[in-house]
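Hi,

Here is the structure I promised to pass on. Have a look at it first, then read my notes below.

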Amino acid sequence: RVVVTAHGGSTDGLTGEGQKQVFVHDDPDLVPGMPTRIPGVGTASPLFVDLDLDGTNELVLGTDDGEIHAYRADLTELPGFPVRTDASPWWPSTSATATADSIPGHHAAVMIGGPAVADLDRDGDHEVVATDLNGGVSVWSHTGTRIASMAVNPDFSRDDPASQDDHNRTKRGFAGAPSLGDLDGDGT
């Protein structure tokens, strides 16, 4: 805590105070190597799920860099991970500078909510589903193999202000998490 009091002049007696608190907690159960910084992690929520069905949960996490990780407790990734969303269409993939400087292409960000995991095809294995800011939806197997991809129809998100109305929201991407469920109740 720091307290400063002015003396003299028109501010005589004026007092200002600043304080900062630091809390230290020693957790003997903390996993070795944790906490750690995972590059590209922004707003996507983490998900703990037994992705490979070995009896131990993995940390499934989407990033602003368009990667989805599946970390074991020792911070190694499951085989096939990380997986990536599609490359952003605006990225200058033919840029001589980006190529010369080995700047990797941009992939669509996985934002608020992060990926979802479920056994979509009822085969006993989990699938990972992610939406992205470029308007893509992707599905990967528990081994990191991409199973399906789809995207919004850009005709319903035109950038032309004259064509904007209640049905045209202009943003083609998904900022939220996918929601998974059996809508028709048929078990699939």
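**What I found**

Buried residues (under 20% relative accessible area, with exposed meaning over 50% and partly exposed in between, using a 1.4 Å probe and protein chains only) make up 29% of the 188 residues in the chain. Keep in mind that this is a predicted model, where local features need pLDDT of at least 70, side-chain atom pairs count only at pLDDT 80 or more, and totals for chains, interfaces and linings use all residues. Residues are numbered from 1 along each chain as its sequence is written, and side-chain values use heavy atoms, leaving out hydrogens and water.

**Overall layout**

The chain has one helix and 10 strands, in the order β-β-β-β-β-β-α-β-β-β-β from the N terminus. These are DSSP runs numbered from the N terminus: H or I with at least four residues for helices, E with at least two for strands. The radius of gyration, taken over C-alpha atoms, is 24 Å, well over the 16 Å from the globule rule (2.2 Å times the number of residues to the power 0.38), so the chain is more spread out than a compact globule. Its C-alpha trace spans about 80 × 55 × 50 Å along the principal axes.

**The sheet**

E7, E8, E9 and E10 form an open, antiparallel sheet in that order. Strands count as paired if DSSP finds at least two bridges between them. E7 (116–118) and E10 (146–151) are at the edges with a single partner strand each, so one side of each has no neighbour in the sheet. Three bridges join E7 to E8 (residues 127–131), and Ala-116 has Val-129 as its bridge partner in E8.

**The core and Trp-140**

The largest nonpolar core has 14 residues, and Trp-140 is among those that touch the most other members, as are Leu-51 and Phe-81. Such a core is a set of buried Ala, Val, Leu, Ile, Met, Phe, Trp, Tyr and Cys residues joined through side-chain atoms within 4.5 Å. Strand E5 (67–71) and E8 each supply at least two of its residues. Not counting residues up to four places away in sequence, Trp-140 touches (heavy atoms within 4.5 Å) Ile-68, Val-128 and Ile-147, among others.

**A loop residue to look at**

Where does His-107 lie? You'll find His-107 in the loop between helix H1 (96–100) and E7. Leaving aside residues up to four places away in sequence, His-107 touches several residues, including Asp-64, Arg-84 and Thr-85.

Cheers
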